Amino acid sequence: MPPVFRFFSPCFVLKRRHVDDLGWQVPMTTLKNPVLMATVGAAQGLRGEVRVRAYTGDPIALGDYGNLRSLDGRVFEILEIREAKNVVVVRFRGINDRNAAEALNGVDLYVERDALPDGELDDDEFYYADLEGLDVYDSAGKHYGAVSAVFDFGAGDLLEIKGPGKRPVLIPFSETAVLEIDLESGRLLIDPVAAGLEEESKPRKKGPGSDGSDEE
C-alpha cells in the first residue's frame with residue numbers, strides 16, 4: 001500500500017520520450033500531482049544496486065505502481081527488489097555499476113496520484129497527497145490556513161498548517177484534533193484546543209450573588 005495516514009498509526013501514459021547521456025528515459029511531461037513513494041540511499045555492492053527507503057505499507061510493493069519518477073523527469077524501472085534491514089535493495093534498469101548507483105543517493109521517487117488505488121483505503125486512511133492543500137477550519141468557521149506538509153517523526157502523524165503571514169505549526173493527526181475531513185470540498189475541521197492551537201477557556205467563578213458579584 002502506498003503512503004497513507006491512519007488515525008493512531010505507528011506511522012502514465014508518455015506520448016514521447018528521449019534518452020539522456022546516462023541512458024535514462026526522460027518523459028517530455030512532468031508529474032501533475034506527484035506522490036512521494038521512496039527515497040534512494042547508498043549504493044549496495046558493485047552491480048549498481050541501491051538501498052531504498054520505501055514509504056509503502058509493504059516495502060516490496062514499491063514496484064507494483066508502475067515506473068517511478070524523479071521531479072527532474074527521469075523514469076526509474078525496477079528490475080529487482082528484495083528486503084533488507086529497514087530498507088529494500090533495488091536494481092534499476094540502466095544502473096549497472098557502483099558509480100551510477102552512488103549518483104542516485106538522495107533522489108526522491110514519485111508516482112502520479114492517479115496511479116494509486118483508492119479502493120485499498122479504509123475509512124480512517126488517507127493519502128498524504130490528498131491531505132496537503134486542505135483548508136483548515138474550526139466549528140466556528142475560523143480559518144487557520146491550509147495543510148502544507150505531513151510528517152511522521154516516530155511519535156505519531158503530524159499535519160503542518162501554514163496560514164497567510166504566519167509561521168507553520170504542527171498539529172497531531174488524531175481523532176480528537178481532526179474532527180472531519182471533506183476531500184470533495186477541500187476542508188478539514190479541527191478542534192483547536194485538542195490540536196494545541198488555542199488554550200481552553202476557563203469559566204469565571206461566580207460570587208455568592210446571583211449576578212456573580214459578592215453580596216454585602
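How many bridges pair strand 13 with strand 14, and in which sense? Select residues 143-152 (strand 13) and residues 157-162 (strand 14): they pair in the antiparallel sense over six bridges. Here, strands are DSSP runs of E with at least two residues, numbered from the N terminus, and two strands pair if DSSP finds at least two bridges between them.

Before moving on, a word on what you are viewing. This is a predicted model, where local features need pLDDT of at least 70, side-chain atom pairs count only at pLDDT 80 or more, and totals for chains, interfaces and linings use all residues. Residues are numbered from 1 along each chain as its sequence is written, and side-chain values use heavy atoms, leaving out hydrogens and water.

Now pick Ala149, which faces Glu160 of strand 14 as its opposite residue. Leu158 stands opposite Pro172 here. Six residues lie between these two strands of a hairpin, and Gly165 in the turn has a positive phi of about 70°.

At the strand 16 end, select residues 187-190, strand 17, which pairs with strand 16 in the antiparallel sense over four bridges. Click Val178 to find its bridge partner, Ile190 in strand 17.
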